[in-house]
Amino acid sequence: MSAIRALADQLARRSDDDLRRLLTLRPDLILPAVPDFAALAARASTRASLQRALDNVNRPELQVLETVTVLSEDDGGAVDRARLAAALPGSDGDVLKVILSRLVERALLAVAPEGGLLPVGALADALGPYPAGLGRPFRTLARTVPRFGPALVDAVPLLAPGSSSEALTSAAAARIIDSITSQPAAWQDVLAGAPEGASALLARLRDAPVGSTATDTASNGGVTPAVRWLLDRCLLAPLDALHVELPRGVGIALRGHTVFTALDVAPPLEIERTTRPALRDNASFGAIAETLRLMTALLGSVAAAPVTTLRSGGVGVRELRRVREALRVSEADAAWLLELAAAVGLLTLDPDDSRWKASRLDAWEALGRDAQWLLLVEGWLAVDRAPALVGSRLPDGTGINTLAAEASRPDAPMVRQRLLSVATELSPAGGAEPSGPQLPVLTDQAVIALATWHQPRLQRRFTRLLPGMLAEAQSLGLTGGGALTDAGRLVAEGRLEEAARSVREALPTPVSHVVLQADLTAVAPGYLEPDVARGLLRMSTPEGQGPATTYRFSADSIRGALDAGEDAPSILAFLALHSATEIPQALTYLVEDTASRYGSLRVGRAGSYVRTEDDAVAATVLADPRAAVLGVVQIAPTVLVSAASPQELVALLRDLGFSPATDATGSVPTTSARTDTDREPGQYRMPPEQLRSRLNPWSVAEEEVAAQLATLRSARPGSADHPAASDSETLLGLETLRAAIRSRSRIRLGTADSEGNHVRQILVPLSVSGGRLRVFDPENQVEKVVSVHRVMDVEILEGSPSDG
Amino acid sequence: MVDGPLIVQSDKTILLEVDHEQATEARHAIAAFAELERAPEHVHSYRLTPLGLWNARAAGLDAERVLDTLLKYSRFPVPHALLIDIEDTMSRYGRLRLEKDPQHGLVLRTTDYPVLEEVLHAKKIQPLLGPRIDGETVVVHSSQRGQLKQLLLKLGWPAEDFAGYVDGTPHPIVLAEDGWTLRPYQKLAVENFWAGGSGVVVLPCGAGKTLVGAAAMATSQTTTLILVTNTVSARQWKDELLKRTSLTEEEIGEYSGAVKEVRPVTIATYQVLTTKRGGLYPHLELLDANDWGLIVYDEVHLLPAPIFKMTADLQARRRLGLTATLVREDGREGEVFSLIGPKRYDAPWKDIEAQGYIAPADCVEVRVDLPRDERVAYAMAEDGDKYRLCATSDTKSDVVERLVAAHEGEQLLVIGQYIDQLDDLGARLDAPVIKGETTVRERQRLFDAFRSGEIHVLVVSKVANFSIDLPEASVAIQVSGSFGSRQEEAQRLGRLLRPKADGRAARFYTVVARDTLDQDFAAKRQRFLAEQGYAYRILDAASIGDTKPSE
């Protein structure tokens with residue numbers, strides 16, 4: 001029976017609870033839904049699904065999987081538990097049992113009828129060519145590395161003195177050498193004769209099977225005696241002039257004839273440094289206040305001048321510098337704030353002019369500070385980008401720009417969840433009182449080590465992404481001084497509302513007054529109510545960075561307020577209302593002095609003008625109702641202006657019986673580009689409740705699982721033998737092909753030719769990958785490539801190994 | 001969260017709410033490591049700088065105390081990056097120590113091997129050092145002590161100097177405390193200085209820095225070299241020393257352009273020391289003419305660059321710097337720190353004012369409108385002439401006349417930049433004019449007459465900016481200045497800040513031409529004075545007649 005069918009039967013025999021667990025752990029199996037168990041088993045055996053499942057096994061589980069794979073590749077058969085335990089020294093029987101049951105539950109290992117364990121489907125493929133960090137076996141190397149086969153034959157007498165290499169095939173030689181490396185005594189004998197340096201080189205390659213011998217080059221340019229000795233005995237396989245591979249048998253021998261030297265059951269929970277709760281909370285709440293302040297400043301700055309994007313995507317260095325200077329933060333912080341604002345939807349890309357605009361400033365300011373924080377945290381958790389990658393270099397040497405596609409990482413939310421769970425695991429609960437125990441500091445190394453223990457297959461991703469995310473968590477106050485905060489713990493547990501509440505309690509209440517001083521400043525002693533802050537910003541220039549803002553008044557800034565339609569009494573009234581102290585005389589003087597000088601020249605926009613010597617003429621023109629249509633207004637006794645063009649105005653005046661002459665010079669431009677400030681404020685106003693970022697982890701709902709179970713159970717029991725038009729048939733064919741490739745058997749392959757005819761040929765399959773099947777045609781002695789989608793049926797011709 | 005009086009900003013400033021009940025406590029706590037930058041009426045701001053933090057380390061404060069202080073008094077969370085920065089900066093001080101080794105002489109010793117390695121690899125430092133004794137110690141050429149300290153500070157590894165001082169020639173000096181005593185803060189300043197070895201004492205103008213110098217001399221009991229800014233100031237030092245100490249005329253020498261006497265206590269001007277002839281400093285030997293036990297630098301913030309160079313060679317002698325401010329217009333605060341020494345004492349102006357030792361001051365800006373023809377002339381003038389045009393407007397002279405009339409009977413100074421204008425004012429007010437060409441003898445005579453009340457009004461040019469003691473002046477009118485320099489303002493105000501017999505507030509008028517460069521400078525001046533905590537008002541020239549300005 002084929003392995004997939006066997007798996008299908010096993011799955012069908014499982015209880016509903018077991019199946020539900022499997023489907024929850026591997027949701028991709030039923031996305032989209034499958035019709036029957038055969039299809040389910042087939043999908044569970046695909047490389048893509050297995051890879052996804054492997055991403056979620058922890059280190060000891062992966063070790064067991066790799067061990068089973070290595071051992072079963074040895075002889076192609078099921079691995080019994082005793083043999084497995086022997087290959088994993090130090091593994092407690094119970095622990096191993098638990099791990100195995102978890103792996104079987106997840107359909108990563110299948111139980112053979114006689115009780116042994118088998119890797120499911122394409123697991124070996126999914127694990128890659130070097131499972132457990134071991135090289136390829138001798139026999140594979142003999143086939144793939146040029147001249148290694150004959151070398152093996154020559155090596156036999158060197159390794160086993162007394163035996164002869166005559167009439168040996170390379171496959172037989174590989175078997176002999178395998179048996180030598182697998183016997184401790186024989187292996188010791190071999191090593192005993194090794195020259196100096198050989199054992200050091202072997203030790204180096206023990207855990208990373210492919211390596212360079214460049215450092216072992218002798219002074220005369222050739223290889224050192226140690227390398228030569230190892231190559232001669234085929235204990236190293238030469239891949240090219242400089243690189244060698246440690247064959248699997250040698251690797252296992254070097255690990256004390258075990259696949260792993262030990263099973264890493266215990267997660268790494270060591271902590272290097274600790275911090276005080278008071279320092280942690282200080283840092284965390286400081287970071288939250290600072291991030292919120294900067295976010296408001298960023299939105300204000302972008303609202304005034306949108307951020308343009310480059311043609312190649314992302315925000316360029318110059319625009320970033322502008323933002324950085326406006327906020328007075330580092331470049332990396334500016335990039336992070338832009339990314340965060342975009343993640344939450346506070347900045348949106350206008351497709352018309354490719355500029356990022358702060359479309360929801362009002363809605364943002366209307367939110368309470370805890371709601372603002374929650375919004376940012378949710379957006380951060382959900383965004384599929386890695387802001388910390390901005391500024392790093394791509395392989396071609398170009399940098400990644402802010403908000404450019406290169407910083408997209410679809411797995412970023414998953415990595416963040418892992419970060420939070422790892423942080424919780426590293427930080428014991430309790431210890432909230434300020435004088436309490438020391439709190440562990442989450443260093444990059446500790447977090448990466450534990451995350452990698454949980455998901456060893458994602459090590460590279462963790463190494464690249466986690467340090468940046470840890471810094472981001474710090475600026476959101478999820479950690480403070482490196483230690484997980486209470487809010488951070490609540491977020492990690494998914495209790496976001498409670499987290500927001502804890503933040504609300506910690507953030508000081510907004511102040512609504514400022515302190516006015518004779519040096520013409522207003523100091524806001526804390527976070528200022530947005531309304532008051534907006535009013536002050538209209539008439540002064542903000543200074544300083546931190547919880548308190550200093551607003552400096554100057555003639556220029558007062559003029560700004562006058563431009564905005566204020567006058568001296570209204571400015572002074574506003575200040576009096578919001579000042580905790582009396583307005584200093586110097587400030588009153590400044591406001592009044594500036595206001596009294598304001599407007600000695602006045603500027604406006606007009607399309608055309610009428611000059612006359614006689615104000616009676618002007619009055620006549622004004623009195624005519626048609627003048628109102630053209631927007632004619634009087635700005636001085638003898639000067640009228642109109643929004644209309646000079647031509648229209650001339651026509652009107654002629655109608656009225658005047659004979660106007662057109663001024664040749666002094667033409668006023670009639671049109672001008674509308675600027676962004678022309679827009680009505682609040683045009684983008686949205687209700688605050690719409691400002692929620694969506695959390696979208698990759699998961700299936702419970703109902704989906706239940707529906708799927710119902711479908712599976714209702715499928716007719718016999719249908720597994722006749723899977724109708726499902727992907728399982730192709731997979732069964734592929735499985736047969738893989739089996740044939742492993743056993744080097746001949747097959748009868750039915751394919752559809754280019755005219756659609758069914759053609760049957762006897763062939764030897766060599767490899768299948770990328771939708772192509774490479775075959776050897778023994779009849780014509782040529783190699784061919786067949787597209788997998790043309791394959792109609794496969795049949796192994798039993799007992800027909802293609803070679804000796 | 002505690003409701004403290006401090007707000008610590010991420011831009012390294014600290015705001016202090018003055019009206020808070022813990023404000024005084026917090027002020028004293030942070031004064032040790034933060035520099036007061038602005039002191040307007042309600043919220044003072046302090047700045048954290050590496051030098052300030054190292055000053056604190058030199059005073060024996062460690063990083064933990066600084067962090068605790070900030071966390072204790074801060075109303076809001078303190079930026080974490082700032083805390084880390086403080087810890088890091090403070091830990092840099094004292095990792096290198098200059099010491100006297102009985103066997104090798106002057107050595108540089110470290111507790112931290114990599115730091116020494118880093119320092120040894122600095123190109124500029126290598127030539128100053130001798131052979132390496134062991135991993136942690138290296139010999140220093142004793143002549144390079146000052147330069148080494150200077151360079152180490154630049155590298156960010158300020159060295160603590162434990163190498164000690166030469167004793168100097170003993171010379172008995174006793175304070176003659178008849179009818180007066182040293183004020184408590186002056187005593188404290190001297191004690192701190194003496195305990196620290198060398199360093200700078202920061203006291204506001206009028207707070208009696210000369211007495212701190214005299215008391216330091218009395219503690220030292222050695223021959224002393226006093227370096228001052230100019231001859232007039234030298235005379236004043238001499239008078240003050242004669243009056244306040246047991247020193248006699250014969251024991252005090254003056255070393256200036258006119259006289260060159262070397263006596264147990266010698267007062268020299270910066271100018272004579274920095275005179276260069278043929279590429280040499282001919283008066284440099286003065287520094288070695290006597291085995292000085294103490295060197296006093298008056299007005300450290302004005303110390304010219306060549307003096308720094310000379311000071312670098314005087315590291316084995318005790319050095320006392322006196323100043324009203326550590327801020328230097330040229331930004332060489334680091335050299336003051338490394339060559340003269342860390343700040344040993346600092347008293348905010350307001351504290352001393354509150355104790356009644358200096359008079360409160362009231363600043364009034366009077367704005368005059370230029371007449372139409374002057375405005376046109378101003379608008380057409382070359383940039384280089386504009387300031388002169390607006391600063392010397394005739395309308396200002398009228399205002400000055402009216403102000404002088406309003407303050408009739410009070411001791412009054414009129415201060416200006418342009419000689420023509422001063423001469424004109426002198427003629428109008430019938431008052432003597434002191435300017436650059438006035439002889440020292442004549443100046444002395446006029447100052448004496450002013451002090452004794454024979455003359456009520458004195459017109460002075462910028463020669464009067466520094467170190468002339470005119471304690472009875474209660475009103476100053478500034479008609480023009482040198483582009484609103486902070487130094488100048490402090491000095492001019494300082495003229496008026498001596499305590500008055502009747503406790504009246506001093507009044508400082510500035511006459512400003514509206515809508516001109518003059519007004520721009522006035523804006524700077526207003527900011528500076530208001531930041532120093534002085535009351536500041538602005539009046540229109542027209543309103544002087546109706547409202548009595550002295551209300």
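A residue counts as buried here if 20 or more other C-beta atoms lie within 10 Å of its own. With that in hand, welcome to this structure, which is a predicted model.

**A helix and the domains of chain A**

Let us start with helix α5 of chain A, residues 59-75. Of the 17 residues of α5(A), 14 are buried, so the helix is largely enclosed by the rest of the structure. From its first C-alpha to its last, α5(A) reaches 25 Å, close to the 24 Å expected at 1.5 Å a residue.

The domain assignment of chain A gives domain 1 (138-254), domain 2 (274-506), domain 3 (519-597), domain 4 (608-655) and domain 5 (744-801). Between the C-alpha centres of domain 1 and domain 5 of chain A there are 35 Å.

**A sheet with a helix across it**

Further along chain A, 3 strands make an open sheet in the order β17-β19-β18, with antiparallel pairing. Its edge strands, β17 (608-611) and β18 (633-636) of chain A, each pair on one side only. On average, neighbouring strands of this sheet are turned by 30° against each other, direction ignored. Helix α30 of chain A, residues 615-623, lies across β17, β18 and β19 of chain A and runs at about 30° to β19(A).

**A covered strand in chain B**

Now for chain B, where strand β11 (residues 224-228) is mostly covered, with 5 of its 5 residues buried. B:Thr224, B:Ile226 and B:Val228 point one way from β11(B), while B:Leu225 and B:Leu227 point the other way. Strand β11(B) is joined by bridges to β13(B) and to β14(B).

| Strands | Bridges | Direction | One residue pair |
|---|---|---|---|
| β18(A) and β19(A) | 3 bridges | antiparallel | A:Gln634 and A:Leu640 |

**Where the chains meet**

Finally, 27 residues of chain A are in contact with 28 residues of chain B. The elements that give two or more residues to the chain A side are α16 (277-304), β13 (515-517) and α29 (585-597) of chain A. The largest share of that side, 8 residues, comes from α16(A). By class, the side of chain A that touches chain B has 15 nonpolar, 10 polar and 2 charged residues.

Note on methods. Residues numbered from 1 in each chain as written. Chains lettered and ligands numbered in written order. Predicted model: local features only at pLDDT ≥ 70, side-chain atom pairs only at ≥ 80, totals over all residues. Contact = placed C-beta atoms within 7 Å. Helix = DSSP H or I, 4+ residues; strand = E, 2+ residues; numbered from the N terminus. Nonpolar A, V, L, I, M, F, W, Y, C, P; charged D, E, K, R; others polar. Pairing = 2+ DSSP bridges. Axes fitted to C-alpha atoms, helices over the stretch in contact; angles between N-to-C directions. Domains from an automatic or database assignment. Expected span 1.5 Å × (residues − 1). Buried ≥ 20, exposed ≤ 12 C-beta atoms within 10 Å, placed from the backbone.
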